[in-house]
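The questions below go through one protein chain part by part.

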Amino acid sequence: MIFLQLFWAFFKTGLFAVGGGMATIPFLYEMSNSTGWFTHTDLANMIAVGESTPGPIGVNMATYVGFLTGMDVAGMPTAILGAVVATLGLVAPAVIIILIVSMILKTFRDNRYVNAAFYGLRPASTGLIAAAGLSVAVTNLLPAGWSLAAFNWKGLVLGVVLWVFSNKVKQTKGLHPIVFILASAVVGVLFAM
């Protein structure tokens, strides 16, 4: 039964998360609140790992949540099944929609209403991604609530330093993003000691 719930939850997420993997994050926060399969802190960790691993972040997070949920049920075999079910649930709507659209796109390619609908989806997608970014920032910078004493100054300073080195310093501006990800991991480990 849990696997049907897992598939359905990620199917809905995949169906309504227009704009890519980052647009799934608000749906994942809602899923966290309604199912209890993972916490907001787990979600922040999933985002960090999902951004630093190859592949789409939404798929990486679906796989991770499915793995955790399956592991809670009965260990490793169900963890793998949970990862597969959640991932299939997330990508199934896109596959179905792409198949349908590819069959009828030639007929409606120049239709002004279709063009207007796609034009209208752009701000919705942008809004979902902005909401996801804000949620991640609040979770990481204010983990204990909106108290100024609990503000994560180290995280903010690290973010500013990374932004400066990746965008403004001529010698490091052209470095591959993995360099900054690895540097952030090292700094995180050093701060945790």
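Buried means under 20% relative accessible area, exposed means over 50%, and partly exposed lies in between, with a 1.4 Å probe and protein chains only. This is a predicted model, in which local features need pLDDT of at least 70, side-chain atom pairs count only at pLDDT 80 or more, and totals for chains, interfaces and linings use all residues. Residues are numbered from 1 along each chain as its sequence is written, and side-chain values use heavy atoms, with hydrogens and water left out.

Q: Is T172 buried or exposed?
A: T172 sits in the loop between helix 7 (153-167) and helix 8 (177-192); helices (H or I, at least four residues) and strands (E, at least two) are DSSP runs, numbered from the N terminus. T172 touches F165 and F180, not counting residues up to four places away in sequence, where contact means heavy atoms within 4.5 Å. Because its relative accessibility is 17%, T172 counts as buried.

Q: Which residues does K173 touch, not counting residues up to four places away in sequence?
A: K173 is also placed in the loop between helix 7 and helix 8. Its C-alpha atom is separated by 9.5 Å from that of W163, 10 residues apart along the chain. Leaving out residues up to four places away in sequence, K173 touches F165, S166 and N167.

Q: How many helices are there in the chain?
A: Read along the sequence, the pattern is α-α-α-α-α-α-α-α. The chain has zero strands, and its number of helices is eight.

Q: What does the C-alpha trace of the chain span along its principal axes?
A: Of the contacts in the chain with a separation of 6 or more, 55% are accounted for by residues 24 or more positions apart. Along the principal axes, the C-alpha trace spans about 55 × 45 × 30 Å.

Q: What percentage of the residues in the chain is buried?
A: The accessible surface of the chain comes to about 12300 Å², and 73% of this surface belongs to carbon and sulfur atoms. Such areas come from the Shrake-Rupley method with a 1.4 Å probe, and for residues only the protein chains shown count as cover. Of the 193 residues in the chain, the buried share is 27%.

Q: Why does M61 count as buried?
A: M61 is placed in helix 4 (residues 57-74). Leaving aside neighbours within four places in sequence, M61 is in contact with T24, I25, L28, L43, M46 and I47. The C-alpha atoms of M61 and T24, 37 residues apart along the chain, are separated by 9.3 Å. M61 counts as buried because its relative accessibility is 0%.

Q: What is the relative accessible area of T69?
A: Helix 4 is also the place of T69. Not counting residues up to four places away in sequence, T69 touches I2, L6 and W37. T69 is buried because its relative accessible area is 5%.

Q: Why is S135 partly exposed?
A: S135 belongs to helix 6 (residues 112-141). The C-alpha atoms of S135 and H40 are 95 residues apart along the chain and separated by 9.6 Å. S135 is partly exposed because its relative accessible area is 26%.

Q: Which helix gives the most to the nonpolar patch?
A: The nonpolar surface patch, of about 400 Å², is made by L15, F16, I97, V101 and L105. Helix 1 (2-16) and helix 5 (76-108) each supply at least two residues. With three residues, the most is given by helix 5.

Q: Why does F16 count as exposed?
A: F16 is found in helix 1. F16 counts as exposed because its relative accessibility is 52%.

Terms used
Patch = residues over 30% accessible without salt bridge, like charges linked within 9 Å, V, L, I, M, F, W, Y side chains within 5 Å. Salt bridge = Lys/Arg side-chain N within 4 Å of Asp/Glu carboxyl O.
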